[in-house]
Amino acid sequence: MGRKKMILDLDTGIDDALAIAYALASTEIDLIGIVGSYGNLQMLAGVQNSLNLLNLLGESNIPVYLGEKHSITTQSFDTLEISQEIHGMNGLGDIKIPKSSRPYASESGIDFIIDSAHEFQSDLIIVPTGPLTNLSLAIKKDPKIETLIGKVVLMGGALTIPGNVTAVAEANINQDPEAANEVFQSKLPITMVGLDVTLKTLLTKKETELWREIDSPSSRAFADIVDYYINAYANLKTNLDGCALHDPLAVAVAIDASLVTTLPINMKVDTEAPFSGRTIGDETRLNSNQATTVVAVAVETERFLSTFMTRLSTLFSKN
Ligand code: BDR
Ligand code: CA
């Protein structure tokens, strides 16, 4: 059996950058492409960050595709102030890393998702760690891919705890609740890795200090970028001792599902006030035989953190 193929669909801020690093450091999968999304920053700026990060991490072949610039119900997108506070104006804690000279791919990200679904079918894993706009447009353009794609492991939502941008909504879902609802209501086999588990996986300056000791260009850059993120969490007074590893946890779960305990639930996303952006069980599919989504509600924190540190430190030592 060949290795599974992974596509990341990112709004390349700080934890998205850690998701790229985790995927590159994981020999179980082939990262075949990155699709850009808006969210933590504008889509084009995120695409440039992805190209720069791949370059920093010694990877010069993985293509980066353009995705949508805004939600399916809007015509434009303005980055939220809170996103800039957490990820910096450039999405990477205002740390400058060398600019990649590589251009983005000419095919659209949505067509890339569709073509990859047909080519790799059940071997394809899609990991969206931004809004679900690109994936919703891909299944609208070619609904057949819903039953072709092996699995979708997404970072987004909150089932058992409140949201992080409103009382009920998590940031990625909140950017495009309609798109997210279409994805949850589709036939796609989804694992939801939401705040229920990602807020239980925290990184501190103790770990970034270990990266500093590696003293390579990538380890120094990632230590600076993640320290910005840790400081932002401290300023937000979240009661968390460190910063949340939202997006790399989704990649880790896509590779090793045993890291989390899940509940099978057919999910929906509320799209109207006062609960817009809430991820919750779909009452109209309560009695259907099989749930299309499993929701992560518990995580093996220690095992994930030690795997995360081993993988990233090994990658940083080589670059
Ligand atoms: C999610 O929102 C984004 O800001 C982060 O990158 C992460 O994907 C957390 O709610
Ligand atoms: Ca993200």
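Modeller: Let us begin with Gln290, which is exposed, with a relative accessible area of 67%. Buried means under 20% relative accessible area, exposed over 50%, and partly exposed in between, with a 1.4 Å probe and protein chains only. Gln290 belongs to the loop between strand 11 (279-281) and strand 12 (293-299). Helices (H or I, at least four residues) and strands (E, at least two) are DSSP runs, numbered from the N terminus.

Colleague: What should I know about the model and its numbering?

Modeller: This is a predicted model, where local features need pLDDT of at least 70, side-chain atom pairs count only at pLDDT 80 or more, and totals for chains, interfaces and linings use all residues. Residues are numbered from 1 along each chain as its sequence is written, chains are lettered from A and ligands numbered from 1 in the order in which they are written, and side-chain values use heavy atoms, with hydrogens and water left out.

Colleague: How far apart are Gln290 and Ile265 in sequence and in space?

Modeller: They are 25 residues apart in sequence, and their C-alpha atoms are 8.6 Å apart in space. Ala45 is part of helix 2 (residues 43-56), and at 36% relative accessibility it counts as partly exposed.

Colleague: How do I read a metal site? Which residues coordinate the calcium ion (ligand 2)?

Modeller: Look for donors, which are N, O and S atoms within 2.8 Å of the metal (3.2 Å for Na, K and Ca); water is not among the atoms, so sites may look incomplete. Here the calcium ion (ligand 2) is coordinated at 2.2 to 2.7 Å by Asp11 (OD), Asp16 (OD), Asp16 (OD), Thr129 (O) and Asp247 (OD). Along the sequence, these donor residues follow the spacing D-x4-D-x112-T-x117-D. Asp16 lies in helix 1 (residues 14-24) and Asp247 in helix 11 (residues 246-255), so the pair ties together parts that are 231 residues apart in sequence.

Colleague: Are Asp16 and Asp247 buried or exposed?

Modeller: Both are buried. Helix 11 itself has 9 of its 10 residues buried, so it is largely enclosed by the rest of the structure. Among those buried residues are His246, Pro248 and Leu249.

Colleague: And how do I read a ligand site? Which residues are around ligand 1?

Modeller: A residue is near a molecule if one of its heavy atoms lies within 4 Å of it. The residues around ligand 1 include Asp15, His87, Met155, Glu170 and His246. Helix 1, helix 6 (171-175) and helix 11 each supply at least two residues of this shell. An oxygen atom of ligand 1 is 2.5 Å from an N or O atom in the side chain of Asn40, and for Asn172 the corresponding distance from an oxygen atom of ligand 1 to a side-chain N or O atom is 2.9 Å. Taken alone, ligand 1 exposes 280 Å², of which the protein buries 93%; accessible areas come from the Shrake-Rupley method with a 1.4 Å probe.

Colleague: What about backbone angles?

Modeller: Most residues other than glycine have a negative phi, and most peptide bonds are trans. Asp94, although not a glycine, has a positive phi of about 60°. Asp94 lies in the loop between helix 3 (81-87) and helix 4 (109-120) and is partly exposed, at 42% relative accessible area. Gln121 has a positive phi too, near 45°, and is found in the loop between helix 4 and strand 4 (124-128).

Colleague: Which residues does a cis peptide bond join?

Modeller: Ala273 and Pro274, with omega at about 5°. Pro274 is in the loop between strand 10 (267-269) and strand 11.

How values were computed: A polar contact is a pair of N or O atoms within 3.5 Å; within protein, one must be able to donate a hydrogen and the other to accept it, and residues adjacent in sequence count only if both atoms are side-chain atoms.
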